[in-house]
Amino acid sequence: MKNIKKTALVTGANKGIGKAIAIKLIKNGIKVIGTSTTQYGVQIINKYAKKNGFGLILDLKDTNSITEKIKEIYKNKYAIDILINNAGIKLDKLLVYMNDQEWEDVIKINLTSIFYTSKAVIRSMIKKKSGRIITISSIIGYIGGKGQINYSTSKSGLIGFHKSLALEVASKGITVNIVSPGLIQTDFIKDLNIFQYKKYLSQIPMKRLGKVEEIADAVIFLSSKKASYITGQTLHVNGGMYM
Ligand SMILES: NC(=O)c1ccc[n+]([C@@H]2O[C@H](COP(=O)([O-])OP(=O)(O)OC[C@H]3O[C@@H](n4cnc5c(N)ncnc54)[C@H](OP(=O)(O)O)[C@@H]3O)[C@@H](O)[C@H]2O)c1
């Protein structure tokens with residue numbers, strides 16, 4: 001059954017996993033406000049959303065602007081029923097070579113921003129006694145990654161955040177969950193060399209990368225009524241790479 005007349009905020013909706021999520025949400029009758037860091041990205045979102053939503057510039061590194069931009073959305077009479085924290089970055093380096101900026105940027109964009117986006121929508125969801133918060137984590141948050149201390153920490157930090165928030169709002173009809181992808185075919189992994197690629201592939205029991213639509217399907221499920229009794233969970237979508 002289709003969800004109707006709900007609005008979702010999807011961060012990083014101009015490409016990759018976020019775009020696939022936004023397109024599937026629209027197909028399911030949900031209005032989408034999608035974010036990008038660039039005007040070009042906003043144009044992409046406007047193009048596929050047509051009358052079913054629009055794009056918005058948002059840089060998650062600028063934490064003050066997150067609160068401001070989301071306030072603006074409410075002022076324009078959109079209630080956010082579904083928050084999809086999808087945007088993320090990686091800046092891989094071994095700890096010995098990693099500088100402060102590389103640590104701080106990844107923690108800020110992948111973890112700290114979720115505090116601000118969630119805080120900006122939670123009061124309205126509590127008032128409505130309904131809501132969905134779904135965040136895209138990563139298998140690396142669960143198994144670790146050599147050269148990925150900043151990324152792995154940012155993603156595993158999400159676990160405590162989501163379990164705690166799930167407890168705080170469980171009685172208010174709000175669910176808070178994580179979708180954790182394995183290796184998915186997007187620009188995010190375009191810098192892998194052939195050796196790294198083959199090594200990863202050998203670790204995936206299904207012997208293939210995941211598709212963005214396969215992550216989007218998990219998100220659609222968790223955002224639907226069918227998942228109304230699921231909260232504080234991680235749904236792993238990784239071809240068997242981590243169980
Ligand atoms: N692909 C994988 O194998 C994989 C595996 C596990 C987890 N993930 C997670 O999946 C999520 C989406 O990744 P993807 O594969 O779709 O990557 P992607 O194609 O590189 O897309 C990343 C998205 O994040 C946005 N973004 C980057 N920096 C931002 C910032 N400072 N503020 C706001 N938005 C920002 C980008 O927006 P702009 O283009 O406008 O800058 C873009 O929309 C990430 O959280 C990633 O950690 C991916």
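## Helices α1 and α8

Helix α1 crosses α8 in a right-handed way, meaning that the near helix is turned clockwise from the far one by less than a right angle. Helices here are DSSP runs (H or I, at least four residues), numbered from the N terminus. This is a predicted model, where local features need pLDDT of at least 70, side-chain atom pairs count only at pLDDT 80 or more, and totals for chains, interfaces and linings use all residues. Residues are numbered from 1 along each chain as its sequence is written, and side-chain values use heavy atoms, leaving out hydrogens and water.

Helix α1 spans residues 16-27 and α8 residues 212-223; their axes lie 8 Å apart, at an angle of about 50 degrees. Axes are lines fitted to C-alpha atoms over the stretch in contact, with angles from 0 to 180 degrees between N-to-C directions. Residues in contact (heavy atoms within 4.5 Å) include Ala20 and Leu25 in α1, and Ile215 and Val219 in α8.

## Around the ligand

Which residues come nearest to the ligand? Of the 28 around it, they are Asn14, Ser36, Thr37, Tyr151 and Thr186; being around the ligand takes a heavy atom within 4 Å.

A polar side-chain atom of Thr186 sits 2.6 Å from a ligand oxygen atom. A polar backbone atom of Ile17 is 2.8 Å from an oxygen atom of the ligand, and a backbone N or O atom of Leu60 is 2.8 Å from a ligand nitrogen atom.

Conventions
Helix = DSSP H or I, 4+ residues; strand = E, 2+ residues; numbered from the N terminus. Polar contact = N/O pair within 3.5 Å; in protein donor to acceptor, adjacent residues only side chain to side chain.
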